[in-house]
Amino acid sequence: MFALCDCNNFYASAERLFKPDLCNQPVVVLSNNDGCVIARSEEAKLCGIKMGDPEFLVRDLIDKYGIKVFSSNYVLYGDMSERVMHNLSRWFPRLDVYSIDEAFGWLGGIRNLEAYAPKIRESVVRNTGIPVSIGVAPTKTLAKLANKLAKKNGGTLVLDTRQKIKDAVDIFPAKDLWGIGRQYYKKLEELNIETVGQLRDLPEMWFKQHMTIQGQRMWNELWGRPALPIDARTESKKGITVSRSFRNYIEDADVLCEAVTLYASRLAEKLRHNKLRCLYLQVFLYTNKHREDHPQHFPSQVQKLVLASNNSHDLVQAATRMARKLYQPGIKYRKAGCIATGLLPESELQLNAFNAHDYGKKDAVAAVLDTINLAYGRGTLRMASEGYEKTWRLKHEHLSQGYTTRWHEILRIG
């Protein structure tokens with residue numbers, strides 16, 4: 001049996017955890033630059049706030065109902081997610097972390113699941129303060145379905161008999177099923193299929209013809225035959241991207257290079273964290289395509305590095321050089337980013353007899369940089385070309401504190 005453990009309204013729950021006065025109050029979390037709604041408490045949903053709503057369109061609703069607004073605080077969410085996953089790992093022989101707020105657990109050999117699932121839920125809530133819902137079923141797809149039903153039925157749901165599974169699929173909307181996207185749902189609408197029960201009654205060949213091998217796996221999963229194992233290996237990464245929109249338009253080349261320096265540094269950190277090196281580095285610049293009164297410019301350039309690298313010096317040097325080539329005076333840039341491709345394991349560095357190399361000196365400097373920033377906080381030691389004022393940084397007008405990651409912002413009582 002599989003369990004899908006999902007944190008309820010995760011970002012909103014993490015924000016509310018350190019502000020008990022917001023319990024039972026409507027809360028929303030905004031995306032980067034405080035643009036769109038990306039998380040809502042149940043109370044905010046009742047106020048009419050929808051996922052993806054631009055902040056300026058729902059500002060009247062926010063004022064009318066006194067909804068508390070937060071900027072996205074991914075450092076806090078990442079730390080709380082790690083705590084939740086650590087707690088879940090105590091209850092499952094094998095755990096597959098699916099996303100920042102979801103994890104599949106394998107329950108092979110465990111009896112009396114009706115009693116076991118609530119114990120898991122109570123433990124996570126008690127130890128982390130984050131509410132979770134748990135759906136249990138013979139397959140991952142049915143566990144996902146059970147989890148969504150559990151959110152409205154006490155927090156846990158176990159589908160361990162054919163009759164329970166039939167009752168669940170007969171009422172569950174096909175459009176909400178895991179793996180059914182917009183294009184697939186259009187096909188189902190043409191066949192007047194509204195529920196998962198109607199969908200799984202279609203012959204297996206229909207799934208294979210219209211939804212490829214993934215659809216065939218879905219059909220088997222809906223009938224309780226596991227086709228997605230818990231330890232299915234995910235494909236290795238093809239590329240890593242760091243990109244951000246600016247708070248204001250950038251028209252100065254030096255200021256633009258400050259931003260690109262930061263993004264290339266973050267990219268190098270991610271590569272080192274994943275123990276990878278990149279052979280190709282791409283830099284791109286965007287203007288605001290919605291401003292027809294502005295001249296448009298979307299340049300991009302890829303550079304092959306002499307040696308595959310993950311140290312900040314090499315990547316920043318290459319990225320800023322490309323950014324200066326791409327920059328055109330008089331253009332108002334709104335976004336920039338760096339993409340690393342040609343990834344290979346950190347230990348498989350191939351040296352080149354025809355180019356000089358530093359015998360790992362830059363890698364040693366990068367390791368020191370990571371050690372100091374881990375101990376004293378990100379950005380304590382950084383590339384000088386990042387600048388200091390950073391007027392272009394993301395807008396975070398409603399950012400909460402780093403309650404669990406910064407000593408000077410730790411919660412104080414009394």
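Phe 10, Tyr 11, Tyr 74 and Tyr 77 form a single aromatic cluster. Rings of Phe, Tyr and Trp (its six-membered ring) count as a pair if their centres lie within 6.5 Å; planes under 30 degrees apart are stacked, over 60 edge-to-face, and the rest tilted. The model is predicted: local features need pLDDT of at least 70 and side-chain atom pairs pLDDT 80 or more, while totals for chains, interfaces and linings use all residues. Residues are numbered from 1 along each chain as its sequence is written, and side-chain values use heavy atoms, without hydrogens and water.

Across the whole structure, 14 aromatic pairs were found. One of them, Phe 18 with Tyr 403, is stacked, at 4.5 Å centre to centre and 10° between the planes. This pair links distant parts of the chain, 385 residues apart. Phe 18 lies in the loop between α1 (10–17) and β2 (27–30), and Tyr 403 in the segment after α13 (361–376). Helices (H or I, at least four residues) and strands (E, at least two) are DSSP runs, numbered from the N terminus. Both Phe 18 and Tyr 403 are buried.

Tyr 98 and Phe 104 pair edge-to-face, because their ring centres are 5.6 Å apart and their planes stand at 75°. Tyr 98 is partly exposed, with 41% relative accessible area. Phe 104 is buried, at 0%. Buried means under 20% relative accessible area, exposed over 50%, and partly exposed in between (1.4 Å probe, protein chains only).

Lys 140 sits over the face of Phe 104, 4.8 Å from the ring centre. Arg 94 lies over the face of Trp 106, also at 4.8 Å from the ring centre. The criterion is NZ of Lys or CZ of Arg within 6 Å of the ring centre and within 35 degrees of the ring normal.
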